[in-house]
Amino acid sequence: MNMENNNLTPLRKGIVGVQFLFVAFGATVLVPLLVGLDPSTALFTAGIGTLIFHLVTKGKVPIFLGSSFAFIAPIIKSTELYGLAGTLSGMAGVALVYFVMSALVKWQGSRIIDKLFPPVVIGPVIILIGISLAGSAVDMAETNWVLAFISLLTAVIISIKAKGLLKLIPIFGGIIVGYIAALCFYEVDLTPIKEAPWFGLPDFVHPQFSWEAVIFMIPVAIAPVIEHIGDVYVVNTVTGKDFVKDPGLHRTMLGDGIACFLAGMLGGPPVTTYSEVTGAISITKVTNPQVIRIAAVTAIVFSLVGKISAFLKTIPQAVLGGLMLLLFGTIATAGVANMLKHKVDLSDTRNIVIFSLTMTIGIGGAVFTWGDFSLSGIGLAAITGVALNLILPKEKK
């Protein structure tokens, strides 16, 4: 039964909205914890960004925006090169990609996406996002393999055995069980939680403009842009509507881009459409966009509770590392699945060249330097894949 209509009581809408937030909560706060940003700021920018997205899309599309995993490694590296303030300007600059793609889709339709970013390009880029973070996951897990294993095992059991909405929160479940184990068997400093105020503003940090950081970050946005398009089509299927036409894919991209810009300006990570919430919509059959907006407002309220932020900052590194072992492997697997789904022919020489060079440049740590400007990692690999796809001739059928 489709429950988009207004037959839902306000109480029911509120309960489902909070449930949707918990589905996105673990992933939304995990990204800032890994890159040194304030998790409360990430919750705030996710909530505000989602509301902006709904404003731009005329309140029609039931999508929640949360922290993007694609930017974890680039944020860490960019912070080393350009400092946090410069990196934040790079994260805000990610919005330029969304704005340009929004204009191109408005002009040419969605076929321009297929031309620029076919599966043979986006597949290896997604694989690289997961692989590039594997070392960090192991390093964090090594701080206490027992806690890492407990949190990892919890997430695996929830993913495999759980039913309904519970199946969609393996990260949140892993954090809770791992944290309880740490409290029972190891020392956890709870002083920051005791000293934190109940209510207070998130730790907003404002950017300092850096062209180098902007150019460093922009290529990484290729993967989230593709994820955005895929999620919109999935939401179409779940709701039985065509949001690509109404309000239009150009509007959903524009809304996502504005949300990314705001996040960078306030000190939060770039946001992206959350497949987990789309899965929750599919399970509950509640497709009313008002429920997503309730989840967004709840995220903002949570961001103003100082003790929540303090609690998140006391989570042991090993607990996060255990979850990352599963999560980043899952991201890499999603890249493989994307190529299998679209039946990418890796016996084709052209595809082999694109895939091979994209992977080796990304994994090998190749760096392109021109004066003071440098480009490396996922960004350089993504640009290489796009360029090769446009340059290499296709075999005539």
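The model is predicted: local features require pLDDT of at least 70 and side-chain atom pairs count only at pLDDT 80 or more, whereas totals for chains, interfaces and linings use all residues. Residues are numbered from 1 along each chain as its sequence is written, and side-chain values use heavy atoms, with hydrogens and water left out.

**Figure 1. Confidence along the protein.** The predictor's confidence in each residue is given as pLDDT, on a scale from 0 to 100. The protein has a mean pLDDT of 88, and 97% of its residues reach 70 or more. Helices (H or I, at least four residues) and strands (E, at least two) are DSSP runs numbered from the N terminus. Confidence is highest in helix α2 (residues 39-56), at a mean of 96, and lowest in strand β4 (residues 373-376), at 73. Where pLDDT is low, the predicted coordinates should not be read in detail.

**Figure 2. The bend and the end of helix α13.** Helix α13 covers residues 244-266 and bends by about 50° at Arg251. The bend at a residue is the angle between axes fitted to the seven residues ending there and the seven starting there. Just after α13, Gly267 adopts a positive phi of about 100°.

**Figure 3. A nonpolar patch on the surface.** Five residues, Leu96, Phe99, Leu254, Phe261 and Met265, form the patch, and their accessible area together is about 390 Å². Accessible areas come from the Shrake-Rupley method with a 1.4 Å probe, and for residues only the protein chains shown count as cover. Patches are made of residues with over 30% relative accessible area and no salt bridge; like charges are joined within 9 Å, and nonpolar side chains (Val, Leu, Ile, Met, Phe, Trp, Tyr) within 5 Å. Helices α4 (95-108) and α13 each supply at least two residues of the nonpolar patch, and the largest share, 3 residues, comes from α13. Met265 is partly exposed, at a relative accessible area of 31%; buried means under 20% relative accessible area, exposed over 50%, and partly exposed in between (1.4 Å probe, protein chains only).

**Figure 4. Helix α1 and the glycine that follows.** Helix α1 (residues 10-35) contains 26 residues and reaches 37 Å from its first C-alpha to its last, close to the 38 Å expected at 1.5 Å a residue. The expected span is 1.5 Å times one less than the number of residues in the helix. A bend of about 45° occurs in α1 at Ala24. The helix is mostly covered, with 19 of its 26 residues buried. Gly36 follows α1 and has a positive phi, near 90°.

**Figure 5. Salt bridges.** The structure holds 3 salt bridges, each defined as a side-chain nitrogen of Lys or Arg within 4 Å of a carboxyl oxygen of Asp or Glu. Lys313 pairs with Asp38, the closest N and O atoms being 3.5 Å apart. This pair links distant parts of the chain, 275 residues apart: Lys313 lies in helix α16 (residues 306-313) and Asp38 in the loop between α1 and α2. Lys313 is exposed, at 51% relative accessible area, whereas Asp38 is buried, at 7%.

A salt bridge also joins the side chains of Lys60 and Asp246 (2.9 Å, N to O). Lys60 is in the loop between α2 and β1 (65-67) and Asp246 is in helix α13, so the pair ties together parts that are 186 residues apart in sequence. Lys60 is partly exposed, with a relative accessible area of 31%, and Asp246 is partly exposed, with 38%.

Glu80 and Lys77 form a salt bridge in which the closest N and O atoms are 3.9 Å apart. Both residues lie in helix α3 (residues 72-93), 3 residues apart, about one turn of the helix. Glu80 is exposed, at 58% relative accessible area, while Lys77 is partly exposed, at 37%.

Figure 6. Gln290, in helix α15 (residues 289-303), is partly exposed, with a relative accessible area of 31%. Gln290 and Gly59 are separated by 231 residues in sequence and by 7.9 Å in space, C-alpha to C-alpha. Val205, in the loop between α10 (191-195) and α11 (211-217), is partly exposed, with a relative accessible area of 27%. Val205 and Leu84 are 121 residues apart in sequence and 8.9 Å apart in space, C-alpha to C-alpha.
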